[in-house]
Amino acid sequence: RADIQSILKRLGIEPNNAAYSTGSEWGGHSGSNSIDSFSPVDGEKIASVKVASQADYETVIANAQEAFIFWRTVPSPKRGEIVRQFGDALRQNKEALGTLVSYEMGKSLQEGFGEVQEMIDICDFAVGLSRQLYGLTMHSERPSHRMYEQWHPLGIVGIISAFNFPVAVWSWNAALAWVCGNVCIWKPSEKTPLTGIACQKIIADVLKTNDIPEGVSSLIIGDRVIGEMMTNDGRVPLISATGSTRMGKAVGAAVGARLGKSLLELGGNNAIIISEHADLDMSLIGAVFGAVGTAGQRCTSTRRLIIHESVYDAFTAKLVKAYGQLRIGDPLDQHNHVGPLIDTDAVAAYLNSIEKCKAEGGNFVVDGGVLEGENYSSGCYVKPCIAEVKNDYKIVQHETFAPILYLIKYKTLDEAIALQNGVPQGLSSAIMTLNLREAEQFLSFQGSDCGIANVNIGTSGAEIGGAFGGEKETGGGRESGSDAWRAYMRRQTNTINYSHTLPLAQGIKFDL
Ligand code: UN1
């Protein structure tokens, strides 16, 4: 793969990469453990990266603390200017970075480019935001007093990201955190360290050109041990973590025990309700892209279809036909719809879920299985499959990060909404209907209980302008657009007395 070699070179990825970076400085103890990054596309080892030690971690923290002292003095619109330049650098590197995302993670090239586009978009959003970090003013109950609130930066923001969106989720956090005046330490997924290194090189270049101190952006490579150093560290006031509910519960508990702030974006178990009033052709595209896009490895992937009994057979037939046309293979080949899972552990989890589903009574209308042969030598390619199930099967209640789609039949909309809400997770949801009453009920307080609820759109592919995240076991955090920036700042209420006396609030008299 000559093209991949030139892309690695362009992005500054070496055969053996350093364990951490504070701005443009890269380091790590020699002789420490390494992580090898294998591509799920062809099973090739791409490069290796050293794992950071406790001493490396301390270096990163010290640099970040020092950088914060400077960065917080830079006016927010000027911080926005740095983020604007970062967005421009991403535009220049879109093709190379998007291709590396696709090769290291296994998503289609289109989705790799789309992920970099999300990064560019959040930079644009953050630039505008840098002039809009608004606080409210209030009317004081006391004469000649003024009350208002202002928002200050927190300090170090720790970002723990997952393999499935190896770069975009970091940028949603980092771009907002930076304009808010924070510095960031990023621990990328140990399954996709190279895309992390590529991003750090791009931002480090921008920081260096502008003479901004090292440590506004740091990268640290490691597994759970490094993650635990961050979550237990009182010097890191906010931890933003994306990943499984199991991971999120551990992070939330550790950060909560020190009364730090956490922003959690965890698992989904997203459903589309296909009503008898749905446009079935539109529903088909939404459902199939939602279920098989990114090989079912988005937190917003469609895992369940809740289909009205009157259209159930017709829609199932359409689905089966569509699945028959899916091309599975090398995601860098734009003719293919579905790429590999991230690794063979994910393949084992997929097979295990299929077995569990069958054991509980699931009826597969499209069979799963692992693909074998020359084009599938990594062992990570699986067949997207579809099973008819009951919503209360244990396996249906669980998020399997793979292209397994569950079908459930319903009679009334109330029943469909109860099924949609009847899982522990609460990230994304959708209804396909041309009926206004149905759509509005679904969006009302008695409708979907998720952080995202769509009408005539599938569950995945949210835009960066809205707040992204979900309820219940999804963790409650909101990232990206709307007023999600507030999570990266601390609110201070200020009351100023410009009178000649000191009246107390609540009319209390205290004369000396
Ligand atoms: C994720 O899977 O962690 O809404 C993020 C979407 C993407 C982001 C998914 N914009 O599907």
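Predicted model: local features only at pLDDT ≥ 70, side-chain atom pairs only at ≥ 80, totals over all residues.
S482 sits in the loop between strand 23 (479-480) and strand 24 (489-497). Mean pLDDT over the chain is 97, and 99% of the residues reach 70 or more. The model's scores are ipTM 0.97 and pTM 0.97.

- S482 is not a glycine, yet its phi is positive, about 50°.
- S482 counts as partly exposed because it has 13 C-beta neighbours inside 10 Å, and a residue would need 12 or fewer to be exposed.
- Q506 is also not a glycine and has a positive phi, about 60°.
- Q506 belongs to the segment after strand 24.
- Q506 has 6 C-beta neighbours inside 10 Å, so it counts as exposed.

**Helix 4**

- Helix 4 covers residues 94-105, which makes 12 residues.
- From the first C-alpha to the last, helix 4 reaches 16 Å, close to the 16 Å expected at 1.5 Å a residue.
- Nine of the 12 residues of helix 4 are buried, and the helix is mostly covered.
- The buried residues of helix 4 are L97, G98, T99, L100, V101, S102, Y103, E104 and M105.
- G106 follows helix 4 and has a positive phi, near 100°.

**Helix 7**

- Helix 7 (residues 193-209) has 17 residues and should span 24 Å at 1.5 Å a residue.
- Helix 7 is mostly covered, with 13 of its 17 residues buried.
- D211 comes after helix 7, and its phi is positive, near 60°.

**Q5 in helix 1**

- Q5 is part of helix 1 (residues 2-11).
- Q5 is exposed because 11 other C-beta atoms lie within 10 Å, and the limit for an exposed residue is 12 or fewer.
- Q5 and A349 are 344 residues apart along the chain, and their C-alpha atoms are separated by 32 Å.

**Around the ligand**

- The residues that surround the ligand are E118, N164, F165, V169, T242, R298, C299, T300, S460, G461 and A462.
- Sorted by class, this shell holds four nonpolar, five polar and two charged residues.

Methods. Residues numbered from 1 in each chain as written. pLDDT = per-residue confidence, 0-100. Near = placed C-beta within 6 Å. Nonpolar A, V, L, I, M, F, W, Y, C, P; charged D, E, K, R; others polar. Helix = DSSP H or I, 4+ residues; strand = E, 2+ residues; numbered from the N terminus. Buried ≥ 20, exposed ≤ 12 C-beta atoms within 10 Å, placed from the backbone. Expected span 1.5 Å × (residues − 1).
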